[in-house]
Amino acid sequence: MRYCLGIESTAHTFGAAVVTVDGEILSNEKEMFATLSGGMIPNEVADHHRKVKDRVIERALQQAGIDISVVDLVSYSHGPGLPPSLLVGMECAKELHDKYGLTVIGANHALAHLTIGSLVCKVVDPVYVYVSGVNTQVIALAGNRYRIFGETLDVGLGNALDKFGRAIGLGFPAGPEIENLAQEGSYVELPYVVKGMDVSFAGLVTKAQQLFSKGVSKEDLCYSMQEVCFAMLAEVTERAVAHTEKKDVLLIGGVAANKRLCTILDVMCTARKARFHAAPLKYAGDQAAMIAWQGVLNYLGGKRLETFEFYPHERIDEIDVVW
Ligand code: AMP
Ligand code: MG
């Protein structure tokens, strides 16, 4: 086995990538659903993916300099995610299987974020802080399972930022614009909600929306959203580091793009004598190299596809680590 073609389609991004069995990333192509206003409507996202899938796969193969006939394994992200989007990725894999007789395997999207982060940052066994649109989880390996030490009790951090962004008239995704506006803001109080090892963002978003309608500036609200949300996350991460005694923290997921979040976690790590790493932007958010790499790990670990299925709610702590 040499080449694995990965297909990502869990949420806003349709991606295709070629990765070798040794973890060399030969291509990583994607197209992202975006809107100027409003959020992600699942069926619109799936339509977007159907429209772009062939050309994205074509580009990934071209960029890698290989023909579909030499692909040894196709890995699709089988969840968690939006069912209409997941269906597109699975159909793609099935089409390649039916047309070219390619071997197919499924990969968990969240797990793939972790393992690509470890691969490209060369970090072994960190505490992972996984912050994407839907997900906010602090995760570490214990035995042969990844354990979720803390997570959001309601919306993911990215979605919280996007929801607030929508309320103040920003497009989707709102995270980058919030980061910009925050630079001009100062602090107004927002609810800081940590329960045990878990965090909650929903009340904070509502409160920020209320303050906006009362005339508090976008800049102040963006600044305060960031400070409060990121401090909550740092508190939980710090406790996970203390508990597990791991020496590294690795930030992954699309929100890893945020420089203020990186700074806050870095300061916490330094105080704890741990090392902080953030996945480079092109591997932090949704893309298909991670699905290809997770497919390689699954396949080499002995996993095989039984049926073409997808699992919108599959959790990372349900999966046996076989690699
Ligand atoms: P993912 O689902 O992993 O692709 O991450 C997408 C999420 O990351 C969206 O909710 C974005 O708003 C968020 N995001 C992207 N860039 C930034 C940023 N600079 N600051 C905060 N959030 C961001
Ligand atoms: Mg993701």
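1. Gly-254 and ligand 1. A backbone N or O atom of Gly-254 sits 2.8 Å from an oxygen atom of ligand 1. Polar contacts here are pairs of N or O atoms within 3.5 Å; within protein, one atom must be able to donate a hydrogen and the other to accept it, and residues adjacent in sequence count only if both atoms are side-chain atoms. Glu-179 also reaches ligand 1: an N or O atom in its side chain is 2.7 Å from a nitrogen atom of the ligand. A polar backbone atom of Asp-286 is 3.4 Å from an oxygen atom of ligand 1. Taken alone, ligand 1 exposes 500 Å², and the protein buries 91% of that. These areas come from the Shrake-Rupley method with a 1.4 Å probe; for residues, only the protein chains shown count as cover.

2. Basis of the model. This is a predicted model, in which local features need pLDDT of at least 70, side-chain atom pairs count only at pLDDT 80 or more, and totals for chains, interfaces and linings use all residues. Residues are numbered from 1 along each chain as its sequence is written, chains are lettered from A and ligands numbered from 1 in the order in which they are written, and side-chain values use heavy atoms, with hydrogens and water left out.

3. The shell around ligand 1. It holds 18 residues, the closest being Gly-133, Asp-162, Glu-179, Gly-254 and Asn-258. A residue is near the ligand if one of its heavy atoms lies within 4 Å of it. The shell divides into six nonpolar, nine polar and three charged residues. In this count Ala, Val, Leu, Ile, Met, Phe, Trp, Tyr, Cys and Pro are nonpolar, Asp, Glu, Lys and Arg charged, and the others, Gly among them, polar. Domain 1 (3-113 + 284-318) and domain 2 (125-281) both give residues to the shell, so ligand 1 lies between them. The domain bounds come from an automatic or database domain assignment.

4. The magnesium ion (ligand 2). Its protein donors are His-109 (NE2), His-113 (NE2) and Asp-286 (OD), at 2.1 to 2.3 Å. Donors are N, O and S atoms within 2.8 Å of the metal (3.2 Å for Na, K and Ca); water is not among the atoms, so sites may look incomplete. The spacing along the chain is H-x3-H-x172-D. His-113 in helix H3 (residues 109-121) and Asp-286 in the loop between helix H9 (281-284) and helix H10 (289-300) are 173 residues apart, a link between distant parts of the chain. Helices (H or I, at least four residues) and strands (E, at least two) are DSSP runs, numbered from the N terminus.

5. His-113 is buried, at 0% relative accessible area. Asp-286 is buried too, at 9%. Buried means under 20% relative accessible area, exposed over 50%, partly exposed in between (1.4 Å probe, protein chains only).

6. The loop between H7 and E11. Lys-246 lies between helix H7 (218-244) and strand E11 (248-252). Lys-246 is buried, at 13%. Its side chain makes a polar contact with the side chain of Asp-125 (3.0 Å). Glu-245 is found in the loop between H7 and E11, but is exposed at 61%.

7. Backbone points to check. Most residues other than glycine have a negative phi, and most peptide bonds are trans. Phi of Glu-245 is near 60°. Lys-122 has a positive phi of about 50° and is exposed at 73%. The Gly-79 to Pro-80 bond is cis, with omega near -5°. The Phe-172 to Pro-173 bond is cis, with omega near -5°.
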